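The entries follow in the order I made them.

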Amino acid sequence: MRGTVPGGTVAAADLKYREIRAADPRYVYYARVLRQGGYTILHYLFFFAMNDWRTSFFGINDHEADWEQCFIYLADGEEGLRPYWVAFASHDYSGDDLRRRWDDPDLTLVDGRHPVIYAGAGSHASYFIKGEYLTGVAPSFLRPVANAVTWLQQFWYEELKQGEGDFDEEAVRDFFSVAFVDYARGDGLAVGPGTRNAWTPILMDGQGWIENYRGLWGIDTEDPFGGERAPAGPKYNRDGSVRLAWYDPLAWAGLDKVPPPLQAVEMLQQRIGILSDERAELGAEFVKRRQEVRNLDLDVQALLQTDYLGHLSKHRVEELAKAQKELQGMSARLVALDETNAANAQLLTKLQSGDWGDPQAHLKHQHLPETTKTSNSRAMDFWAAISGAGLLLALTIIIWRASATWYIWTTLAILIFLAVESALRGRLSSYLLNVIIFLAVVTSLILLWQFWKLAIVTTIFALVILMVRDNLRELRGQVTHIPLLLGVFASWRGGLGVLNAYAWRSTSAVAACEPLIDFADDNDDGHRGAPTKMKNASSGRLGRMSEGELLWQSRRPSGAPPTAMQRSTGEYWRSALRRPPSPACLHRKHPRRW
């Protein structure tokens, strides 16, 4: 299924390496010094004759030859050049996660000057803390399942706001990976200061084999996963391109964005000045713009209180809304500038006093060794040794023996495999929750597939109910209340008593804010059919009358004096017609019509 190093390669490499050691017993590292972005960078490379992780330590892969590297980043301090950061190459980590600050408590230093690298047995991955590290590889056939569970977990935590804590995508990825143990206990061969074995440095400058050789340093098995292919040299990738760690070691460790300490202080001082100037300029612009917005608001109020200028008021209202939004954006920007400058001033004070904050604040994924466990550690080691091959064997048997129902048995085998994996990692409850969520989603999809017509009809019916509910709520919020509408309709046959109640309940809404209908018939006994202009009986002039007064006129017998109730209703609408619109209603963008 994949290209692998031929059997016996590890033994042959061991014999060859013993011959090399007999001829030249030195322990060699290759080094260079370069200056970049205000840092002085010490680059160290280590060559191993064989990566025997799979054969000797039940790891992921074997491959001929291995190159590992580390960097120390120095910068000018108050007492001259001194180290500030150190970065090690490691499995599946990049950028900020590769480096530690010089004062990090997890960094082991010999004599306060020499950082200690704990190399993985067979893999040669570099660690800051000694111990046993769990690492994993996600099989390609599990990636779709892992992606689906990642999406479901994210939806569960972030959209539905369920579960405890925050969504951890890395935990989901680890869950669907085959676990392997990388032993970096620090109990093997030790080389360097404080040990019996000393290093012999060789400078890489002028080494032709580094500059000119772009091939691989061993057998190319053409493994599609890359794990069993021999590596390229210190400078080049397998495709012949230059390594990022070679031409930009700052970017490789995520330090291209981090200024050296002394430069950081100077840059902060300059930044505070720049933001202060920007804040002053924006503040003056904000005052000017606020005055313009207030002028616009006065224009809008004037237009709304003037007849026949609706077309102008509409454009002015839109212009006011846009200007007010821009003004609020400027206000938010002013607050952001104030907060940023205050934070910069606090950081400047800390840096000037020598306080550089948490040394691990930059880490996104901190790789720590597993805690010491007796029985579980043994079980995990055993499972790591047999899990990958066992799963492949189970899938092969299922495909061969259960041709018709192979997908059911394959799913069951994967679920059992993941259950054992999660139990050994102490995540069985999380696994069961994931399975429940996954089964719930699959069940929902099956139901939708089988009953899609019913689902569409139910959805439409629910939308209809929502639309009717919202429309009824809108009616309640307007002048006409549903029970009162029914009462007004009934008043054609039962008198106008309901109109008094209507008037009492809607004084502020109707009389103060709502325009009334003009009625256009010069007739004291107007009828309800067409809008009518009524003549005021007391003054003899034509005036605007409400529909409420029109109803009162139409229900009163010819020549009969109005009753007290009818008189109070008519007087109410006459007074409402004479009142000017209330200023409290002029701000409405969409006034309700009666």
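This is a predicted model: local features need pLDDT of at least 70, side-chain atom pairs count only at pLDDT 80 or more; totals for chains, interfaces and linings use all residues.

**Entry 1: S123**

I started with S123, in the loop between β8 (118-119) and β9 (126-127). Its relative accessible area is 2%, so I logged S123 as buried. Which side chain does the side chain of S123 reach with a polar contact? I found D182, at 2.8 Å. I then listed what S123 touches, skipping residues up to four places away in sequence. The list reads N51, W53, D66, E68, H91 and D182.

**Entry 2: the whole chain**

Next I stepped back to the chain. I have 594 residues here, and 36% of them count as buried. The secondary structure comes to 18 helices and 14 strands. I also checked how far contacts reach along the sequence. Among contacts between residues at least 6 apart, 64% join residues at least 24 apart.

**Entry 3: helix α12**

I turned to α12, residues 428-450. This helix has 23 residues. From first C-alpha to last it reaches 33 Å, close to the 33 Å expected at 1.5 Å a residue. Which residues of α12 are buried? I noted Y431, N434, V435 and I437. For the spacing I kept a general rule beside the list. An α-helix has 3.6 residues a turn, so residues three or four places apart point the same way.

**Entry 4: α11 against α12**

I looked at α11, residues 406-424, next to α12. Their axes come within 8 Å and cross at roughly 150°. Angles over 145 degrees count as roughly antiparallel, so I logged α11 as roughly antiparallel to α12. From α11, the contact takes in L415, I416, L418, A419, S422 and A423. From α12 it takes in L428, Y431 and V435. I sorted the residues of this contact into 8 nonpolar, 1 polar and no charged. Y431 and V435 are also on my buried list for α12.

Then I took α3, residues 143-159. Its 17 residues should span 24 Å at 1.5 Å a residue, and the end C-alpha atoms are 23 Å apart, which agrees. The buried residues of α3 are A146, V149, T150, L152, Q153 and Y157. How do α3 and α12 pack, and at what angle? I read about 95°, with the axes 10 Å apart. The two helices are therefore roughly perpendicular to each other. On the α3 side I found V149, L152, Q153 and W156. They meet L433, N434, I437, F438 and V441 of α12. This contact divides into 7 nonpolar, 2 polar and no charged residues.

**Entry 5: D223**

I went to the loop between α5 (208-212) and α6 (244-247) for D223. Is D223 buried or exposed? I logged D223 as buried, because its relative accessibility is 3%. A polar atom of its side chain lies 3.2 Å from the backbone nitrogen of G227.

R333 is in helix α9, residues 310-352. At 38% relative accessibility I counted R333 as partly exposed. Leaving aside neighbours within four places in sequence, R333 is in contact with E278 and L282. I also checked R333 against R279, 54 residues away along the chain. Their C-alpha atoms are separated by 8.8 Å.

F382 is in helix α10, residues 375-401. F382 is exposed, at 56%. From F382 to F180 I count 202 residues in sequence, but 9.9 Å in space, C-alpha to C-alpha.

**Entry 6: positive phi**

Last, I checked phi. Most residues other than glycine have a negative phi. Two entries here go the other way.

F58 has a phi near 55°. I placed F58 in the loop between α2 (53-57) and β3 (63-77). At 53% relative accessibility, F58 counts as exposed.

A65 has a phi of about 65°, also positive, and is not a glycine. A65 is found in strand β3. With a relative accessible area of 3%, A65 is buried.

Notes:
Residues are numbered from 1 along each chain as its sequence is written. Side-chain values use heavy atoms; hydrogens and water are left out. Helices (H or I, at least four residues) and strands (E, at least two) are DSSP runs, numbered from the N terminus. The expected span of a helix is 1.5 Å times one less than its number of residues. Buried means under 20% relative accessible area, exposed over 50%, partly exposed in between (1.4 Å probe, protein chains only). A polar contact is a pair of N or O atoms within 3.5 Å; within protein, one must be able to donate a hydrogen and the other to accept it, and residues adjacent in sequence count only if both atoms are side-chain atoms. Axes are lines fitted to C-alpha atoms, for helices over the stretch in contact, and angles run from 0 to 180 degrees between N-to-C directions. Angles under 35 degrees count as roughly parallel, over 145 as roughly antiparallel, 65 to 115 as roughly perpendicular and the rest as oblique. Contact means heavy atoms within 4.5 Å. Ala, Val, Leu, Ile, Met, Phe, Trp, Tyr, Cys and Pro count as nonpolar, Asp, Glu, Lys and Arg as charged, and the others, Gly among them, as polar.
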